[in-house]
Amino acid sequence: MAAAQTLQPASVPSVHNIPISGASTNVGSLAKALQGTETIPEVFLLPESERVTVPHDGYSEQVSLPVVDLRELLLPECSEESRKRIAREVAEASSEWGFFQVAGHGIPLELLERVRTQGRAFFSLPAEDKEKASLGLFQGYEGRHGFIPTRVPWSETFTLQIAPTSNVVPIVEKLWPDGNSELSSTIMDYGNELHSLGIKILELLAESLDLDQDFFSKNFKSKHSAGMRMNFYPPCPQPSMALGLGAHADPNCLTMLYQDEVGGLQIQKDDKWIAVKPDVDSLVLNIGDSLQAWSNGRFRSVQHRAVVNGNNARLSVAFFYSPDDSVSMEVPAQLVDEAHPLLYRPFTWAEYLQQIRTKRMRGKGGLDTFMKISDESKTD
Ligand SMILES: O=C(O)CCC(=O)C(=O)O
Ligand SMILES: [Fe+2]
């Protein structure tokens, strides 16, 4: 579904005498200035029908995200049955939920702690320092998102390209001319760990479909495309009226998310929003649009969002993983039969990303608009 495209004037009215000049508003500074008040500027407000009714910590006792424990898989003596069972768990969660939590992932917990410490330290810098790492849309630091001019996300982000080439060091040097090796090396170490975890998950997914184990992963091993986005959601005086990140589906293949203890990730399940209880030792993984298409719809890319709260700032770090742009993602013949007609045409990651960005798509509209094979073009 395309987001409403009503353009706002470049400069919108201010509240509390804080100038809200569209693009230049820094959400971190705004949140500080609005502390103890009860109103946020109009550009952040959601239409009434989209207001948040499940709070950031409104975890359900009955419905919770499947947890897959990889501990056994990582042991050299892991049995064939155990591997099959874990593959089945990953596949079931990927088709029913499009999401699952991974425990026992093998990534040192001390590295996750470094990610958290470095991420929080970055966002706690003065706005004028962070702005030195601003490079425009979807790159470096963004103190306020300008992609969709209404319902502006209540967040700051720091986006880095990890692979096939990394821009981490040059971006970090914009802020620290002598570099900040602690931040850069944390990001790169973490990126390497997630690359290994991503390969394992792709192998399990392929096995679950009776494809060659390396059907997906061979397209990531030597070269892949990866970006990391640190999301920082400051406390928000009107948490039910705004979102840290609006409902969207990730366009890439696989997303691996680290989130701190605050909570705020919500997933759409059976037309309801489910709040995911955070576990700082686990990661949340989700299927993106590209893998939904590549698997002929066997795995699902599901809408999710980030809800904010009035008291605690929240950090999440998303790692977006896709094959290199030279790879054409084409549904394998084994996944097409009478019960499963071919749904999507072959495409590359660069092509899909360009399409959704040009059309400013959010939500789940991208695949149906650009990649779906229409009924008329089907031969049978
Ligand atoms: O902050 C979160 O929990 C969600 C982040 C997310 O969905 C994204 O960065 O794509
Ligand atoms: Fe996402």
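1. Let me begin with where the ligand is: ligand 1 sits in the largest cavity. Please keep in mind throughout that this is a predicted model. The structure holds one cavity of 30 Å³ or more, and about 160 Å³ of space lies in the largest cavity. Of the 18 residues lining that cavity, Leu245, His248, Leu257, Leu265 and His304 come closest to its centre.

2. Who are the neighbours of the ligand? The shell around ligand 1 is made of 14 residues, and the closest of them are Arg229, Tyr233, His304, Arg314 and Ser316. Sorted by class, this shell contains seven nonpolar, four polar and three charged residues.

3. The polar contacts come next. Arg314 places a polar side-chain atom 2.7 Å from an oxygen atom of ligand 1. For Ser316, a polar side-chain atom is likewise 2.7 Å from an oxygen atom of the ligand. In the case of His248, an N or O atom of the side chain is 3.1 Å from an oxygen atom of ligand 1. On its own, ligand 1 has 290 Å² of accessible area, and the protein covers 99% of this.

4. Which strand gives the most to the shell around ligand 1? That is strand 14, with four residues. At least two shell residues come from each of strand 7 (224-233), strand 8 (245-248), strand 13 (304-306) and strand 14 (314-323).

5. Strands 7, 8, 9 (254-259), 13 and 14 each provide at least two lining residues. By class, the lining of the largest cavity has eight nonpolar, six polar and four charged residues.

6. Which elements supply the pocket lining? Strand 6 (156-163), strand 7, strand 8, strand 14 and helix 8 (349-358) each contribute at least two residues to the lining of the largest pocket. Its class make-up is 19 nonpolar, 16 polar and eight charged residues.

7. Finally, two backbone details to check before you set anything up. The peptide bond from Ala163 to Pro164 is cis, with omega near 10°, and Pro164 belongs to the loop between strand 6 and helix 5 (168-175). Asp210 has a positive phi, near 60°, although this residue is not glycine. You will find Asp210 in the loop between helix 6 (181-208) and strand 7.

Definitions and conventions:
Residues numbered from 1 in each chain as written. Chains lettered and ligands numbered in written order. Predicted model: local features only at pLDDT ≥ 70, side-chain atom pairs only at ≥ 80, totals over all residues. Heavy atoms only, no water. Near = heavy atom within 4 Å. Polar contact = N/O pair within 3.5 Å; in protein donor to acceptor, adjacent residues only side chain to side chain. Areas by Shrake-Rupley, 256 points an atom, 1.4 Å probe, with all protein chains shown as cover. 1 Å grid on protein atoms, 1.4 Å probe; cavity = no way out; pocket = protein on both sides within 12 Å on 5 of 7 lines; lining within 4 Å. Sits in = over half its atoms within 2 Å of the grid points. Nonpolar A, V, L, I, M, F, W, Y, C, P; charged D, E, K, R; others polar. Points joined across faces, edges and corners; volume = space filled by probe spheres on them.
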